[in-house]
Amino acid sequence: MKKIILFADTGIDDFIALTYALKNPEVDLLGVVSGYGNIEREKTYRNVEYLLELAGRTDIPVIAGATRPLSGEEPAFFPDIHGIEGLGPINPPIPEERYSNRSNFSKLFDLIKNNRNDVTIVNVGRCTSLATAHYLSPEVMEDVKETYLMGGAFLEPGNATEVAEANFYGDPIAANYVCRHVANLTIVPLNVTRNALLTPGDVHFIDTRSDSPLEELIKPILDYYYEVYQQQEPGIAGTPQHDLAALMAALDIDGLYEYKKREVKVEYEGNFAYGESIADFRPGAGDCFGPTCTRITMKINQDIFVSNVLKILTN
Ligand code: BDR
Ligand code: CA
């Protein structure tokens, strides 16, 4: 069983990752750090509280993360993709003000100290909160066993810009810091998560087995997400589950991924390539070694992905 702390900006695909984490007996979800990203921090925080209440898991601590990128700029939000409240057509009944003031990183550090060398961090939003935790307490963060990021795009287009993926684009200073300094790091980039698709048929199948208030949100939210994706990428066969794909990388599922190891940098100053993730994939470049060498997923096995997701979400 893996002890996981999820850093998220919930968000539609974050919601699916959270639901999967709650349902998978291999995951012990120690806490959620909830920052700005897809929508404002107050809303992501409220969404996680709401979803945990629906799941009957209010024992899981939620820690309020960052509200803006390290550049100090105003963040760009994406209500056109995730809906005004972040959960597509769902309006959580809880007013966000009720939860607006719970930044408590000492809770995060306690979780890590109490589970020394046994915590896996999965970061599926901007890297701001994670980089901040490393700035604030490097000695505690050293005791994190491994870190997974959903972010970046290698050798293929981005989604926020021609070259940049949304999580890295949202805070490239933080993303670069994490890629350059955090040990035992794995990146699950957009060019791979694009292929972690759930089709409308998969969603229908999950819906026929849904029997809890949390699970009953899956179909309306993913139907909404499907319509959004059809407008953006007409003909796409389903909805890409970016964040779930990153979480699943942490679970060592046999045959799910192929990897390469590279030094990764993120452009945080450029005029035209702001937020671009860079690694050396030139012919002849091989795997790197050393503490800042990052493992990058290169390819996902879609059959293994779908069968695992259906198994977990319908059990
Ligand atoms: C990433 O950006 C957000 O929209 C998603 O939640 C995901 O984490 C995909 O680029
Ligand atoms: Ca996300």
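View 1. (Ala, Val, Leu, Ile, Met, Phe, Trp, Tyr, Cys and Pro count as nonpolar, Asp, Glu, Lys and Arg as charged, and the others, Gly among them, as polar.) The model is predicted: local features need pLDDT of at least 70, side-chain atom pairs count only at pLDDT 80 or more, and totals for chains, interfaces and linings use all residues. Residues are numbered from 1 along each chain as its sequence is written, while chains are lettered from A and ligands numbered from 1 in the order in which they are written.

In total, 15 residues surround ligand 1. (Near means a C-beta atom, placed from the backbone, within 6 Å.) The closest are Gly11, Asp13, Val124, Ala166 and His242. Helices H1 (12–23), H7 (166–170) and H12 (242–249) each supply at least two shell residues. (Helices, H or I, at least four residues, and strands, E, at least two, are DSSP runs numbered from the N terminus.)

**View 2. Helix H5 meets helix H8.** Thr128, Leu130, Ala131 and His134 in H5 touch Ala174, Tyr177, Val178 and His181 in H8. (Contact means C-beta atoms, placed from the backbone, within 7 Å.) By class, this contact has five nonpolar, three polar and no charged residues.

**View 3. Arg68 sits in a loop.** The loop lies between strand E3 (62–64) and helix H3 (79–82). Arg68 touches Tyr36, Glu74 and Pro75, leaving aside residues up to four places away in sequence. Arg68 and Glu40 are 28 residues apart in sequence, yet 8.8 Å apart in space, C-alpha to C-alpha.

Note on methods:
Two residues are in contact if their C-beta atoms, placed from the backbone, lie within 7 Å.
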